[in-house]
Amino acid sequence: MMVTSTATRAFVLKAVTQGARTAPRAFGTGSSLFATTPGQFAYNAQQSQAAIRHQSAVATPEAHLQTRDNYNVAQNLKGTDACMKAGLDKLGITNPSVVHRNLGYQELFEHEQANNEGVVAKAEYGDTFAVDTGKYTGRSPKDKFVVLNPGSQSAENIDWNDINQSCEPWVFDELYDKAVAHFNTLDKCYVFDCYAGANPASRRKVRFITEMAWQQHFVTNMFIRPETPEELENFEPDFVIINCCSQEDSDWKRHNLHSETAAVFNVEKEKAVIFGTWYGGENKKGIFSLMNYWLPLSDPPQFPMHCSANVGREGDVALFFGLSGTGKTTLSADPHRALIGDDEHGWDEDGVFNFEGGCYAKTINLSEETEPDIYRAIHTDALLENVMIADDGTPDYSDTSKTENGRVSYPIFHIPGYVSSCVGRFFGSPRILFPKI
């Protein structure tokens, strides 16, 4: 996680001093909770409260603005100018004559099957595509690096340490050239243009370039999807990730990296490359790290948070903090409250907003009795990762022989009563803190 020390500390100090009181107990899961008072610091109090009421835990079907059917902006570009039409030529990628850009959910499902990228699991609530990510069933933090560009803003502001590992600019340049060269051997590729952050004042345009349809499916689930074809016209990304998961960095020792797997981010060049890992979460957390860097440098500073969030009938927001596996997703999927998001949020002068357009839940020992909303969210358009499939084709969430980190990603509209990522972003300022003790 990249941290901007001065701005972040100032924002946290402000947040803590606003706290009304501290509770004497902690959640048994190890997650921490901020509860909020309704409607503070909204852009427009009447409009915000109306939106909160409209999208509360008793939200009507009309409030569910997102569905698989109204996400319909796909472009299937073909011909020698396909890369130019998609804007890939600006990155040096010119060879693919077929570019699948922002495919709809049904198209992704068909591509995944046609490419033999996994299997279709017979989940109880609908057929769900399932993939195996190989030896990496989780992120590889020791293989993640950020380019230290001497004299740059990021060189000054990033807290360089064993987590925010640095590498030299020439290393990134060589890996970038390698990634471009690989994509120039392909006949087709997948491109997904999206947004990170629901607040228009700070959202970033992000482009993912991938080899596999399921990888586009993953980022389609997890990020904020364009709503209209017009948004893709002249789309100029603020950051580009080229995912070369099938390739490895054979020169990793010369590059002074950790292994043949590498996820390297260059803040100033606004690009990243991923080698050697198929794990979907590497894409998601890479952008989260960048938001951790960008938001505290905003004017005024904004606070990035690794937490889940939901909102009650009166506009009272709860933020659940904790490491992976401590219950953030489970606690926020409350049938009596509207889900804002399950993992990554921002907090600014106007309240809390989601970074994402979907959820990424652990599936170990998942059951409808214990986690009904998550269990029922697993149907067509969800994507299972590293979940064992029984002989009868059903997912077996109790079988951890592959990994205990089995996952499912799904668009946020799979959760009843969710708060739309596009319009439900301003929910007041935390006033009560329940910290982990």
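Student: How many residues in the lining of the second largest pocket are nonpolar, polar and charged?

Tutor: This is a predicted model. The second largest pocket has a volume of about 280 Å³. Of the 19 residues that line it, those closest to its centre include Lys90, Arg207 and Phe235. By class, the lining divides into 8 nonpolar, 2 polar and 9 charged.

Student: Which element gives the most to the lining of the second largest pocket?

Tutor: Two elements each supply at least two residues: helix H3 (82–86) and strand E11 (239–244). The one that gives the most, with 3 residues, is H3.

Student: What is the volume of the largest pocket?

Tutor: Its lining has 5 nonpolar, 10 polar and 9 charged residues. Helix H8 (281–294), helix H9 (328–332) and strand E19 (358–362) each give two or more residues to that lining. The volume of the largest pocket is about 440 Å³.

Student: Which strands are the edge strands of the open sheet of 9 strands?

Tutor: The order is E3-E4-E9-E10-E11-E13-E12-E7-E8, with mixed pairing. An edge strand here pairs on one side only. That leaves strand E3 (75–78) and strand E8 (165–167).

Student: Which residue in E13 stands opposite phenylalanine 265?

Tutor: Strand E12 (residues 262–266) pairs with strand E13 (residues 271–275). The pairing is antiparallel, over 5 bridges. Opposite phenylalanine 265 stands alanine 272.

Student: What angle does helix H7 make with E9?

Tutor: Helix H7 (residues 213–222) lies across strand E4 (98–101), E9, E10 and E11. Helix H6 (residues 169–183) also packs on the sheet, at about 70° to E13. For H7 and E9, the angle is about 5°.

Definitions and conventions: Residues numbered from 1 in each chain as written. Predicted model: local features only at pLDDT ≥ 70, side-chain atom pairs only at ≥ 80, totals over all residues. Heavy atoms only, no water. 1 Å grid on protein atoms, 1.4 Å probe; cavity = no way out; pocket = protein on both sides within 12 Å on 5 of 7 lines; lining within 4 Å. Points joined across faces, edges and corners; volume = space filled by probe spheres on them. Helix = DSSP H or I, 4+ residues; strand = E, 2+ residues; numbered from the N terminus. Nonpolar A, V, L, I, M, F, W, Y, C, P; charged D, E, K, R; others polar. Pairing = 2+ DSSP bridges. Contact = heavy atoms within 4.5 Å. Axes fitted to C-alpha atoms, helices over the stretch in contact; angles between N-to-C directions.
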